[in-house]
Amino acid sequence: MTVGDGVASNEALLTRVAERDSGAFGELYTRLAPGLLGMALKILPDRAAATDVIDKTFVRLWHEAGHFPREGASAAAWLTLTARRLAVEARRARQKLPALPGTHADPVVEFTWLPRPQEVARIEERRELLKKVLNQLPKAQRGVLELVVLEGYTEEEIAAKLGEPLGRVQSGLRAGMRFLRHRLRAVLGTWSANI
Amino acid sequence: MVCQYLEDLFELYLLGAASPNDAAAVQSHLQSGCASCLQQVREAGLTVYLLCLPAKPARLDPKQKSRLLLHLKKK
């Protein structure tokens, strides 16, 4: 499985990692670790803690590569979402907040919801347009989404932090997600909408 | 009706931000094997991935990769 010019896809490298190929592991690290560290640093400004999250993510990759579905799931998405979760867990532990309930507790669910490699590739191709979509969200709504995605707060914690009724926070967050979902469909070509 | 209500929760569930009651409702519904909701969860996964994309890659210590590989080989 290649992605053009004979370059192995991330998923092909992951299959080799499952066979304990350290060269394939190193190639995936070179390709993806800098982007993952960029994200982890937005969640954990402490560089040593963010680097530790990247190490833990790749250690998980080494041990769990054999369980990864052979087809249909993006390795980049798995790494990104795993690194985000580990960074959020580290941030919450520092703040003495309880651990979040994890979808990783249920492997059936964890692997079935991963986006497909071709969908992730389309997101990468249209990244600039998608940034524009994110900027279309009202500033306050974007701020609340950041509290969830980058600071790892739950709906209830956000309501307490902002001093707002839970119902209002929930409707704002759900409306924001609905907006993004619909725009994403449009950008990826499954719907039409004016962006 | 259940599917329609849950559809709005999938992204927050995947991010760990849904309330414990909502998270339990999503989990139990997905475990029942609802094909339409599993498809919607995959779509929600894409939205979550979009939200997690970093603005800029960061520079890693060049020795970090070899340290990590050495650590894994020792195990």
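1. Two residues are in contact here if their C-beta atoms, placed from the backbone, lie within 7 Å. This is a predicted model: local features need pLDDT of at least 70, side-chain atom pairs count only at pLDDT 80 or more, and totals for chains, interfaces and linings use all residues. Residues are numbered from 1 along each chain as its sequence is written, with chains lettered from A and ligands numbered from 1 in the order written.

2. On that criterion, A:F25, A:Y29, A:A33, A:L36, A:L37, A:A40 and A:L41 of α2(A) meet A:R47, A:A50, A:T51, A:V53, A:I54, A:T57, A:F58 and A:W62 of α3(A). By class, this contact has 12 nonpolar, two polar and one charged residues. Nonpolar means Ala, Val, Leu, Ile, Met, Phe, Trp, Tyr, Cys and Pro; charged means Asp, Glu, Lys and Arg; the others, Gly among them, are polar.

3. Helices α2 (residues 22-43) and α3 (residues 47-64) of chain A pack at about 140°, axes 10 Å apart. Helices are DSSP runs (H or I, at least four residues), numbered from the N terminus. Axes are lines fitted to C-alpha atoms over the stretch in contact, and angles run from 0 to 180 degrees between N-to-C directions.

4. α2(A) also packs with helix α4 (residues 75-94) of chain A, at about 30° with axes 9 Å apart. The contact involves, among others, A:L32, A:M39 and A:I43 of α2(A) and A:L79, A:A83 and A:V88 of α4(A). Its residues divide into 10 nonpolar, one polar and two charged.

5. Between chains, the contact takes 38 residues from chain B and 50 residues from chain A. On the chain B side, α4(B) gives the largest share, 13 residues.

Definitions and conventions
Helix = DSSP H or I, 4+ residues; strand = E, 2+ residues; numbered from the N terminus.
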